[in-house]
Amino acid sequence: MKAIRRFTVRPVLPGPLRPLTDLARNLRWSWHTETRDLFQTVDPEGWRAAGGDPVRLLGSVPAARLAELAGDRRFLRRLATAADDLDDYLNNPRWYQTRDPQGPDQSPFPRAIAYFSPEFGVTAALPQYSGGLGILAGDHLKAASDLGVPLIGVGLLYRHGYFRQSLSPEGWQLEHYPLLDPDELPVTLMREPDGSPTRITLTLPAGRSLHAHIRIARVGRVPLLMLDSDVEENEPGEREVTDRLYGGGSEHRLLQEMLLGIGGVRAVRAYCALTGHPEPEVFHTNEGHAGFLGLERIRELGESEAALDFDAALEAVRAGTVFTTHTPVPAGIDRFDHQLIARHFGERGELPSLPVERILRLGRETYPGGDPGLFNMAVMGLRLAQRANGVSTLHGAVSRGMFAGLWPGFDAEEVPITAVTNGVHAPTWIAPEVQRLGARRIGASRAEDALTVGGSELWNAVVDIPDAEIWELRRELREQLVTEVRRRLRASWRQRGAGAAELGWVDSVLDPGVLTIGFARRVPSYKRLTLMLRDRERLTELLLHPARPVQIVVAGKAHPADDGGKRLVQELVRFADDPRVRHRIVFLPDYGMRMAQKLYPGCDVWLNNPLRPLEACGTSGMKAALNGGLNLSVLDGWWDEWYEPDFGWAIPTADGSAGAEERRDDLEAAALYELIENRVAPRFYERGPDGVPRRWVEMVRRTLSSLGPKVLAGRMVREYVERLYAPAAQAHRALDAETARALAAWKDRVRTAWREVTVDHVETLENTPADGAAELGGTLALRARVTLGELQPEDVEVQAVAGRVDADDAIADARTWPLKPSGGPDLEGRRIYEGAVSLDRTGPFGYTVRVLPAHPLLAASAEPGLVAMPAETAADAPGPPVR
């Protein structure tokens, strides 16, 4: 018989064991080894059966065992120590509280930050993630907690999470969506003082409503608010809005993103009102999915006592908003039909006080090649945020080029999108054995600081660890991976229909003494899962080399709707099924956090071969590096930024057009085989008399000491605080109601008058030398005649822009110099501006003059997207080459 309803019966813990509940309900256990060890002691078998989830564990421990533990003085001492440690972690000052926010060149830190993301990968026990975006968001919350940053996370609670992956007998990916019971998850329901659930409501067309409850996960010091639409007040269609991550059609996705953005702001307000948590001064939009949060904040300001109009509210909202883009390709951005957006907003929908046309204008693709009939969530995110960033230096450049059309007249280099390179949360991803080694070397407290706050001086202790000790650690981690792979591979083959008698060969899969390469990613085509298969015979030779064999562990999920990705998975699986090589290459289904935490430490080399520059950051190689793994990667994402030969190897990339894709893949695969055969494997197997590969171990040591502090999420979050959150908080405080109205009025005035702004003539004030060249270190004095129309000099800045020029006179590596007004306007209203350009580079040199809007509350000169440049006839002869 099948139950018609399911619920969870929780155990009543004996009084002395009550602290276990607090420890289980705070997800700090997911990165705190001592707390996990404590729960494992409660019931080792139950811990394994619960998948390392304390909430599930406590729901299954027999009452007799609980009574036994309640009388175990040694266990109670450990429990008291763990509870005291958590209390200290939650309540004592950390980096954020001890940092002087009034120090040199520092703006005051924000009182609180709200961080919105469509997915969060905090722990496998809370499966609310699909890939890198969610893992990054989870690491962001954990690092913020470690640093004491007053962050509030905001997301959705997906009842089916992301899919579980298995394989058919033919190697085809199959998807399963297990139902998640919130009562069995490490979350609590937010309730009002009277005990009723806090409810968020959105208005939908045709008189419908979308209701949601708020589930709270405690991520250390950070509350993660997750909205759940599976509530009885909703109709069946609305109950399914938060059914699964990235599921459903266009309207389903729109409702998810409305609930995340609009409902998320309302959830934050409710949480702060109920708990006394400071209201956020900064709102961080992690990718465009949460962009509607800006609209809700505009509505709030319009309905507040200040009653700001749309333009003034927009300026106030932009000042305190940070937008992070993660995609390097337009196809990765959510876009909705304008009619769908219009139907869900306005008089009969949500946010009726906001003009629908103004909403549509925020997401309209107004640039060349854009579709004006589509509403682009990333475009809206950029227009609603005064500060924006990509997630690696290279991705920042790619993003500036991709969105340059939003700032016409500016070179891509000047587009106001900066970069904060991602990092990973070391306590989550570093193996306990590696962590213990660090603690033995520098002490537990300093080791914790090294992993959370960072600092190269703490990581330098690695240089004193003997070669043999490092090599033994690497061997131990590789052996653990082999054991894990065999367990998972056996389970996978049983799911595919194999009988136990057929699987004796699994016991000889992989060898703890063989060079082990890892590759685990999502499986879109640009990540090129099957590049290693371009020459199967060559790969087979590498796997079966008699003296220097290689073994490869592969994992990854294709999107359920991506049959092309599924075909790539099947191609890899079928190769790995071949009896000739199946002991040297394996594909493990159902890649997730739990698998990754064994995979990264156990691999000697981490492989990444995307199409450059389509990798935004790619943090999997960072996690391997923190465990002493070496990277073998295309120079893309973070590897392009920090690659050094001491840390690994760079796979050369082949330039080519789309028509040359086959040729490009052949060339890059050949380069990959060449590197493995002639550089990677020889170094691994080149052993001294004691059996230790000293040159390899030195690369491991350099990876840990030099790369380790760079790849930390703690470093990343500190950069967000100092470079983006603090300036955003300062801008937010500067824009009170009166100032916001004044700034909006100024922008409107400038936009209206800008058509009259021109650069009429530019000339040099000094004669060109007789030989037609200027000397390096000299200056070039310029005079420009400018028409400002109805604008005043204080409304603009006039700049000379100069640098080397190419054959088409395009200026590269441009620098700017201010030109100052000289006297008042002439009879025709034109003004003279003068200044000097430094001749600081040799070779062909060029310059131009431009006029930009200027206001002290602009974050960047390009922010308004307005620029006036001279016509070609407005300048005198081109400048001379500089010697």
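Predicted model: local features only at pLDDT ≥ 70, side-chain atom pairs only at ≥ 80, totals over all residues.
Biologist: How many helices and strands are in the chain?
Modeller: The chain has 30 helices and 26 strands. Its radius of gyration is 30 Å, close to the 29 Å that the globule rule gives for 883 residues, so the chain is as compact as a globular protein of that length.

Biologist: And what box do the C-alpha atoms fill?
Modeller: Roughly 95 × 70 × 50 Å, along the principal axes.

Biologist: Which domains does the assignment give?
Modeller: Domain 1 covers 15-91. Domain 2 comes in two pieces, 95-423 + 725-734. Domain 3 is 465-710, and domain 4 is 755-853.

Biologist: Take domain 1 and domain 2. What separates their centres?
Modeller: 34 Å, taken over C-alpha atoms.

Biologist: How many residues are in contact there?
Modeller: 14 residues of domain 1 are in contact with 18 residues of domain 2.

Biologist: How much area do the two domains bury between them?
Modeller: About 1200 Å². Carbon and sulfur atoms hold 58% of that.

Biologist: How many salt bridges and polar contacts cross that interface?
Modeller: Zero salt bridges by the rule. Polar contacts do turn up: nine residue pairs, with both residues at pLDDT 80 or more.

Biologist: Which elements give two or more residues to the domain 1 side?
Modeller: α1 (19-25), α4 (54-58) and α6 (73-91). Of the elements on that side, α6 gives the most, with three residues.

Biologist: What about residue classes on that side?
Modeller: Seven are nonpolar, three polar and four charged.

Biologist: Back to salt bridges. How many in the whole structure?
Modeller: The search finds 72. One of them joins the side chains of Asp311 and Arg358, at 2.7 Å from N to O.

Biologist: Where do Asp311 and Arg358 sit?
Modeller: Asp311 is in helix α12 (residues 310-319). Arg358 is in helix α14 (residues 356-363). They are 47 residues apart, so the pair links distant parts of the chain.

Biologist: Why would such side chains pair at all?
Modeller: Side chains of opposite charge can pair when their charged atoms come close.

Biologist: New topic, backbone. Which peptide bond is cis?
Modeller: The one from Arg612 to Pro613, with omega near 5°. Pro613 lies in the loop between β18 (605-608) and α25 (620-626).

Biologist: And phi? Which residue is positive without being a glycine?
Modeller: Ala206, at about 65°. Ala206 belongs to the loop between β6 (199-203) and β7 (209-219).

Biologist: Why flag those two features?
Modeller: Most residues other than glycine have a negative phi, and most peptide bonds are trans.

Key. Residues numbered from 1 in each chain as written. Heavy atoms only, no water. Domains from an automatic or database assignment. Contact = heavy atoms within 4.5 Å. Buried area = accessible area lost by both parts, 1.4 Å probe. Salt bridge = Lys/Arg side-chain N within 4 Å of Asp/Glu carboxyl O. Polar contact = N/O pair within 3.5 Å; in protein donor to acceptor, adjacent residues only side chain to side chain. Helix = DSSP H or I, 4+ residues; strand = E, 2+ residues; numbered from the N terminus. Nonpolar A, V, L, I, M, F, W, Y, C, P; charged D, E, K, R; others polar. Rg over C-alpha atoms; globule rule 2.2 N^0.38 Å.
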